[in-house]
Amino acid sequence: MTSAQPPKRLNLALQGGGAHGAFTWGVLDRLLEDRRIELEGISATSSGAVNAAALAHGITLGGRDGARATLDRFWATVGRAGRFSPIQRSPLDRLLGSWRLDAAPSYVAFDVLTRLFSPYQTTPRNYHPLEKILEQIVDFDVVRHCTAVKLFVCATNVRSGKIRVFETHELGPAPILASTCLPFLFQAVEIDGEHYWDGGYMGNPPIYPLIYRCESADVVIVQINPLFREAIPTTAREILDRVNEISFNSSLMREMRAIAFVTKLIDDGKLDGEHYKRMKIHAIEADEQLKPLGASSKLNAEAAFLEHLKAIGWDACDRWLARNFDQIGVNSTVDLVETYL
């Protein structure tokens, strides 16, 4: 009788993307369900950082099932709060079954408002709806003492433009809010005398903490923002959406190019594989389902939409595991040159 194989360890890199973070919720739910997988580290930005904090809280108090339950509670709370959001789909969008907000008068008015006025004018009290939800769901004293998984949360220093990575013992509401702070919507978050914006500008998410602070060489990127689009954008909205996608993928592309370069040097015998880690890169994405949603749907917090995204994420992860589980710890399942160079 053969003994059971030990679980395979891997790290996660969770991109940000507003409500599209519910896709990552589905991915995490599927991974936590699979006892063949063990998570070592999570690098995360924006909504990815929120997912990471909820997972760390739940896994510390109740193991894998506790992590899944906490993620469920968080997104269910977001969905309930979404009923009172001033930004809602138009009646025509609801009739047509579209999750986009482009045609919603409330979204159009909001979009114009954020281009004319700063959050220092529109929200002088600096209200952030996520803060109250975090207070309800996540105990950050528990998160800071999490030993089951290492967390790395990214934010962008407003003054220096440099990346700031908060590690597990540094986490609290402020670093998470900083990581999610879109500068046209919220005032910069102050931490220790410095001010921070969304981490996606400098690391969406950063890979290097997983290289240097974790033992596993396997990194699974949970890709929310599409890398490639076939059609050339022609309308003002399409152009803006594509600029945002490219901007929020740029830091990831740079790190992937560096990893591909080092990997080639190791494979060619020009770097010592004993002293340089040969990374194995994987990606879970669902571009065909996420691309048509558009950037406006990242502000759609309807419970039905969030559950829809969770189902897409769960299925995408399930397919990825079925195809690639045997390659974890062996090879990359992403062609770095073709995808990122």
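Okay, let's start with leucine 227, which comes out as partly exposed, with a relative accessibility of 24%. Just so everyone knows, this is a predicted model. Why "partly exposed"? Because 24% falls in between the cut-offs: buried means under 20%, and exposed means over 50%.

So where does leucine 227 sit? You'll find leucine 227 in the loop that runs between strand E7, residues 218-222, and helix H10, residues 236-267. If we skip anything up to four places away in sequence, leucine 227 touches Arg242, Asn249 and Met253, plus Asp287, Thr339 and Tyr340. And there's lysine 291: 64 residues away along the chain, with 10.0 Å between its C-alpha and that of leucine 227.

Next up, leucine 10. This one is part of strand E1, which covers residues 8-14. Buried or exposed? Leucine 10 is buried, because its relative accessibility is 1% and the cut-off for buried is under 20%. Leaving out neighbours within four places in sequence, leucine 10 has contacts that include Ile37, Glu38, Leu39, Glu40 and Gly41, and also Ser216, Asp218, Val220 and Ile328. Take leucine 39: in sequence, leucine 10 and leucine 39 are 29 residues apart, yet their C-alpha atoms are 5.3 Å apart.

Last stop, valine 158. Look in the loop between strand E3 (150-157) and strand E4 (163-167). Valine 158 has a relative accessible area of 30%, so we call it partly exposed. It also belongs to a nonpolar surface patch, together with Leu182, Phe184, Trp197, Tyr201 and Met202. Together, the patch residues have about 490 Å² of accessible area.

Key. Residues are numbered from 1 along each chain as its sequence is written. This is a predicted model: local features need pLDDT of at least 70, side-chain atom pairs count only at pLDDT 80 or more; totals for chains, interfaces and linings use all residues. Side-chain values use heavy atoms; hydrogens and water are left out. Helices (H or I, at least four residues) and strands (E, at least two) are DSSP runs, numbered from the N terminus. Buried means under 20% relative accessible area, exposed over 50%, partly exposed in between (1.4 Å probe, protein chains only). Contact means heavy atoms within 4.5 Å. Patches are made of residues with over 30% relative accessible area and no salt bridge: like charges are joined within 9 Å, nonpolar side chains (Val, Leu, Ile, Met, Phe, Trp, Tyr) within 5 Å. Accessible areas come from the Shrake-Rupley method with a 1.4 Å probe; for residues, only the protein chains shown count as cover. A salt bridge is a side-chain nitrogen of Lys or Arg within 4 Å of a carboxyl oxygen of Asp or Glu.
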